[in-house]
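Dear colleague,

I am handing over the structure below, and after it you will find what I found in it. Please keep it open while you read.

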2 protein chains.
Amino acid sequence: MNQVGRDIPRLEVRAKVTGRADYTHNLRLPGMLYGKVFRATVPHGRIRSIDTQAARELPGVYRVVTGEDIRKLIPEPYYGPAFHDQPILALDKVRYVGEPVAAVLAGDPHVAELAVQLILAEYDELPAVYDEVAAMQPDTLVHDVLRPAGTFADLKHLQGRKGTNVALDYHLRRGDADKAFAAADRVIEHTFKTQQCLHLPFEPHVAIAEPGDDRLTIYTSNQTPSFVRIEIARLFGWPENHVRVKVPYLGGGYGSKVYVKLEALVAALAMLVRRPVKIALTMEEQFYMITKHPTTFRIKSGVDKEGRLVARSCAVYWNGGAYADIGPRVTQKSGFTAAGPYDIDNVSIDSYALYTNRTPAGALRGFGVPQLVWAYESHTDLIARELGVDPVEFRRKNLLRDGRPQASGTVLQDAAIGEVLDALAVRIGWNKPFDRGSGTLRRGRGIAIGFKASISPTTSVAVVNVSADGSVYLYKSTVDMGQGSDTAFAQIVGEVLDVKAEDVRVVAPDTDITPYDMGTLGSRSLFHMGTAVRLAAEDARAKLRALATEAGLPQGTNYPPAEIFKKRYGMQAGNVIGTASYVPNYKPPDPQTGLSDNVTPFWMVGGAAAEVEVDTETGHVRILRLVNAADCGKPINPGVARTQLSGAAIMQLGFTMSEAMHLDGGQITNASLADYKIPGIGDIPPMENELVAAEQHSGPFGAKGLGESGTFGVSPAIANAIHDAVGVRITELPITAEAVLRALRVKAGQPLDDE
Amino acid sequence: MNQVGRDIPRLEVRAKVTGRADYTHNLRLPGMLYGKVFRATVPHGRIRSIDTQAARELPGVYRVVTGEDIRKLIPEPYYGPAFHDQPILALDKVRYVGEPVAAVLAGDPHVAELAVQLILAEYDELPAVYDEVAAMQPDTLVHDVLRPAGTFADLKHLQGRKGTNVALDYHLRRGDADKAFAAADRVIEHTFKTQQCLHLPFEPHVAIAEPGDDRLTIYTSNQTPSFVRIEIARLFGWPENHVRVKVPYLGGGYGSKVYVKLEALVAALAMLVRRPVKIALTMEEQFYMITKHPTTFRIKSGVDKEGRLVARSCAVYWNGGAYADIGPRVTQKSGFTAAGPYDIDNVSIDSYALYTNRTPAGALRGFGVPQLVWAYESHTDLIARELGVDPVEFRRKNLLRDGRPQASGTVLQDAAIGEVLDALAVRIGWNKPFDRGSGTLRRGRGIAIGFKASISPTTSVAVVNVSADGSVYLYKSTVDMGQGSDTAFAQIVGEVLDVKAEDVRVVAPDTDITPYDMGTLGSRSLFHMGTAVRLAAEDARAKLRALATEAGLPQGTNYPPAEIFKKRYGMQAGNVIGTASYVPNYKPPDPQTGLSDNVTPFWMVGGAAAEVEVDTETGHVRILRLVNAADCGKPINPGVARTQLSGAAIMQLGFTMSEAMHLDGGQITNASLADYKIPGIGDIPPMENELVAAEQHSGPFGAKGLGESGTFGVSPAIANAIHDAVGVRITELPITAEAVLRALRVKAGQPLDDE
């Protein structure tokens with residue numbers, strides 16, 4: 001049968017291309033009201049008054065709701081996965097431009113939108129802070145006091161901390177970096193920055209809440225239905241089974257739809273008015289929901305005479321915006337890999353999650369790692385150049401290999417870092433001569449690799465149900481948002497039970513039905529849930545065999561399930577239900593040293609090689625080739641895996657070349673797709689995507705996750721290629737033509753007029 | 001905690017009384033078409049032509065579909081639980097007035113209804129047969145050939161049988177009845193008849209099919225979602241998991257909604273037009289869907305000098321109408337109890353399922369047993385009178401008691417027959433003097449008891465899911481149609497897991513989600529599914545304990561689930577999922593003798609005592625008191641159990657006193673609630689309902705089913721009371737005033753003019 005390793009199309013592809021696939025946007029419930037959000041116009045201020053009278057009096061408006069109305073229903077209306085810092089609607093203060101302050105409900109969404117324009121709020125403005133490094137100083141405080149959620153035991157010590165914008169500070173100390181720097185042959189230091197940008201799924205956030213007496217059903221475009229259930233139940237003080245969260249297909253997520261986003265608001269509104277409430281964001285409103293962390297990264301390396309990295313220190317400042325969301329976990333869970341995939345005995349890492357007066361930042365495909373790789377692979381390239389050695393050779397010499405401890409102290413296993421580097425070098429023809437261009441069009445090549453830990457501890461539960469004719473259902477709360485998880489899981493079930501993957505029916509997440517899963521995030525689904533799915537299918541297989549024995553069938557033969565059921569029950573009747581929970585082993589980092597000898601269940605490895613052409617007259621960069629390589633173990637579905645790799649690389653290409661939110665006095669000045677440039681089809685370079693031969697021995701059938709690996713190397717590979725082409729170094733994303741031109745002019749001693 | 005035995009209100013009561021409970025009638029899907037059925041106007045005939053042109057041309061009509069159209073989609077479009085004899089729409093022949101011949105689809109149901117009036121069909125009429133005894137002769141054949149479904153192994157030998165209207169004949173021989181009759185002191189014989197009547201749930205049949213590419217979702221008011229899934233999948237040649245059957249609450253079922261009713265028709269129509277299709281019957285159309293078997297029962301008993309029953313022979317003729325439905329199982333599964341709850345060594349039973357040209361007959365609350373009890377308890381009373389002994393004393397002397405073999409050979413266990421008889425006698429004050437009336441108003445009392453086997457072999461599967469905060473879900477495909485099964489199961493789960501029943505969320509049947517169950521019928525749910533539920537909850541409890549051990553919690557203490565999850569997973573996360581299948585042991589009757597030493601997993605016992613007043617001038621019978629008693633083991637919810645008992649008795653009261661379908665040349669002449677009289681609130685007599693102290697040791701917490709037991713004794717208790725009051729014997733149901741008056745006049749030697 002061999003379902004695993006088959007290149008089958010995604011199971012839902014026909015429903016999607018014929019427009020029959022379910023999305024939350026399509027859903028209309030009887031009596032449903034549409035909500036529209038009135039948002040803050042100042043970046044930081046105390047609310048003096050909110051005048052909703054004109055809005056309330058507009059014909060067709062059902063209700064106008066403010067934060068104070070919600071506080072009457074929910075005494076502590078604050079939510080968040082790491083900190084309970086975010087009010088459902090602003091209370092007392094606003095902390096960023098675009099923060100929800102009031103909501104209008106109407107039967108007609110256009111009426112609601114019109115009414116929003118009639119609301120007037122007055123604020124006593126406060127000083128604001130936007131920069132992550134500036135926010136280290138407690139001159140301007142975004143929050144008076146820290147309120148960790150209690151979800152994560154290691155944040156508890158922050159409870160009640162005052163006078164700081166640092167939501168979380170993570171520190172790792174391995175060996176003795178100071179001593180090693182002192183003894184090093186050379187010490188090289190740079191600072192790199194990344195911009196604020198955002199996920200922009202084609203399906204903007206949308207959620208519907210349908211109220212019962214003391215229960216709610218929430219239909220939402222969300223990556224973490226189990227979390228939403230628990231968080232909404234917590235807000236209302238209900239048991240989990242009073243909240244039902246249903247998630248159909250998503251039109252993309254990329255981390256923007258993890259944890260609670262619109263769900264608390266629609267839930268509170270629905271319980272206030274006792275009618276179903278739907279809120280769907282516009283494209284513009286996505287700029288006020290959740291973003292990618294801007295970062296400043298100071299990185300310093302010590303190199304010995306043989307060209308070996310002996311010390312590295314990293315200071316990373318994560319600009320988390322006005323509410324923490326999952327930012328503190330980014331700071332810590334990605335922070336400990338800030339020194340890169342190199343074998344360095346002395347490492348010091350300081351990583352800071354900062355509150356500022358911007359749109360909140362959270363998880364975005366890579367969970368901070370692309371920002372880190374941008375810095376450490378630009379830095380690595382610069383060291384090699386300074387040492388006068390080939391950048392690939394420099395990397396090979398210093399590469400972290402299986403069996404050696406990573407900075408955290410965890411010994412590397414099944415991380416094909418060397419293989420990824422080799423694959424990139426071979427595909428881009430690193431050691432072969434190439435056309436370096438001429439005149440004003442100069443060509444260069446760059447390479448970069450990165451790695452990422454997976455998330456732990458996390459729990460995944462799966463149920464596999466075999467019907468009396470042998471057809472199979474799989475229940476799991478993983479959200480298929482385009483990554484093909486339903487298909488991969490069906491292949492795993494098919495492999496175990498010896499049925500075709502296409503015949504496995506994968507039930508959409510619905511917390512009344514599909515069991516707990518921590519969330520569809522961090523490329524965890526294939527490994528974590530995939531293992532639970534495999535174990536559940538194996539449990540079903542064992543129960544089928546037991547049923548065959550009960551039915552008096554001789555042992556040792558594999559009977560078709562239909563035959564077993566018929567023999568046991570006298571007719572086509574019954575089910576066999578296999579279940580499994582999976583929680584990988586894990587040891588949390590020591591609070592003092594940041595070290596752990598079991599910090600992740602597996603490592604993701606990815607990299608890119610780029611060949612670019614730079615127009616020295618305009619600064620325009622054309623990507624001639626982009627090679628992506630990654631280690632996903634043994635792929636369950638190689639075709640789908642390759643599209644994950646290329647999709648991630650294209651997304652990161654946008655963040656590298658053009659995407660940036662522009663701020664002016666706290667106001668976003670380009671909150672539209674007309675002014676915020678994502679890659680179009682014409683911007684996609686010729687690409688090659690390679691899954692290196694590898695195996696994740698602890699993974700389901702040797703596989704592991706891949707959703708983020710394609711993002712790691714793109715930005716530094718391109719910056720390194722530009723440096724190779726024209727000798728200038730870009731240290732801040734995005735790499736616009738203007739930035740390149742400015743650098744070229746500076747290099748040529750002819751800075752642009754405004755420099 | 002003690003959830004079992006608590007008198008809690010039904011869990012859904014609030015949703016029902018506030019009108020928020022889901023029913024299939026409420027559902028409208030986008031693009032949905034409404035179907036209306038064109039029906040046969042002759043009882044038996046070959047279809048010569050169906051002219052649909054005028055209907056098709058009516059503006060607003062989407063499509064008109066005939067049996068031939070369906071045959072293009074489904075080559076063998078015949079369905080049925082026991083025989084595949086029923087076409088989705090008539091093919092070649094019609095076999096009863098009201099049989100579906102064509103269907104009109106329109107966006108507006110009124111347009112569809114209008115179009116139905118424009119269809120013209122021509123038939124070559126054939127002779128018809130309506131009477132079950134007449135149908136024993138093969139003069140007029142309803143079907144050319146028998147086609148058993150293959151579901152039941154014991155019907156296979158009937159495949160291809162021709163030249164008969166007998167769908168199934170069941171024979172039981174125990175001891176030597178002929179010899180015993182010859183040796184008996186007295187031999188007494190009577191014939192009793194019952195009428196055709198019907199279920200009439202307040203929610204008439206309704207079903208919706210929503211098509212996918214090669215799959216269907218069916219929303220239906222049906223008692224057997226798992227069966228519907230399998231049967232629809234069979235018709236289309238699909239695996240089970242291509243058909244999803246969703247069943248919300250039912251507005252009553254009583255056996256009318258078991259197996260496939262409207263589902264095959266809406267499924268075929270939806271797949272033909274590729275749009276959702278809904279069909280909802282009118283009250284009138286229920287008369288053409290499914291009914292209760294009319295019966296003729298010849299019963300003969302031999303009594304010895306001591307007043308002991310030494311022999312009994314029974315010949316039962318079941319009028320199954322035009323299609324077998326589950327009639328053959330009624331014939332056999334109830335047939336073997338035809339000799340009643342008496343200890344008789346020599347028994348002969350012949351039971352025949354007959355095809356006639358009437359609306360099909362199937363399961364109706366009691367599955368044939370009320371018809372049997374009507375006969376054997378009227379007969380028993382007559383014997384006692386003939387012997388000149390007290391009818392209760394005569395019963396006591398001959399009663400079948402635990403430890404003695406029933407006619408089938410199965411030894412009676414946990415059947416509180418004596419206790420039920422005693423309870424009735426005590427409550428009605430059998431041995432106390434009472435007012436016998438005077439003048440034209442005469443009073444009398446009667447008593448009757450019956451028993452019923454439960455269904456076997458059947459399979460039930462349940463899943464119990466404990467969330468991380470200890471709140472619980474139960475998944476099962478039992479349909480709560482008013483009997484309170486959700487509540488009882490929640491109490492069982494609560495008892496095992498030590499949580500409040502009100503905190504257990506019971507998920508509505510949905511074959512994509514809730515596991516297999518044979519069906520909600522035959523009072524089987526509490527025992528069969530209740531046992532599966534109990535076992536699944538115990539499995540969850542065991543897994544919780546294992547999780548506590550994994551989490552390092554010391555053994556021997558009962559930790560709250562929330563604590564166990566938090567300790568094991570580091571946060572509020574995870575599920576524990578318990579599963580169980582339950583199939584009671586069973587031995588099918590020997591095909592030759594009809595005997596089995598394990599014929600049923602449990603026995604239902606019920607009876608009634610009535611006090612009546614007869615107006616000798618009009619024949620009008622007033623029920624002064626009705627006492628119902630039953631053995632339901634130890635009730636899970638005594639309050640709900642008592643309403644089951646009284647509800648069943650009231651239903652049987654209608655069948656006893658007034659309900660009857662009238663036939664004229666095959667046409668039903670009273671197909672409306674104006675002409676077919678069901679009991680109104682003013683017809684309900686003062687009632688007492690007693691659950692006798694008993695225990696079903698093999699049942700969940702000592703309980704067993706009760707849904708039908710209240711029907712058993714009502715009809716003969718009333719007939720016996722009438723005999724006691726005025727000395728006339730009614731042998732045919734219903735007991736109308738006219739029938740009583742006629743009998744009084746005959747007895748007085750003054751028959752009515754038309755006699």
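The two copies meet through the same surface, because 98% of the interface residues of chain A are also interface residues in chain B. This is a predicted model, in which local features need pLDDT of at least 70 and side-chain atom pairs count only at pLDDT 80 or more, while totals for chains, interfaces and linings use all residues. Residues are numbered from 1 along each chain as its sequence is written, chains are lettered from A and ligands numbered from 1 in the order in which they are written, and side-chain values use heavy atoms, with hydrogens and water left out.

In this model 48 residues of chain A are in contact with 48 residues of chain B, where contact means heavy atoms within 4.5 Å. Together the chains bury about 4,100 Å², 46% of it on carbon and sulfur atoms; buried area is the accessible area (1.4 Å probe) that two parts lose on being put together, summed over both. Asn241(A), Arg505(A) and Met571(A) supply 15% of the area that chain A buries against chain B, more than any other three residues.

Across the interface the rule finds 6 salt bridges, each a side-chain nitrogen of Lys or Arg within 4 Å of a carboxyl oxygen of Asp or Glu. Asp213(A) forms a salt bridge with Arg14(B), and their closest N and O atoms are 3.0 Å apart.

Finally, chain A can be laid on chain B with an RMSD of 0.0 Å by a turn of 180° and a shift of 0.0 Å along the axis, superposed by least squares on the C-alpha atoms of residues with pLDDT of at least 70 in both. The two copies are therefore related as by a two-fold rotation axis.

Best wishes
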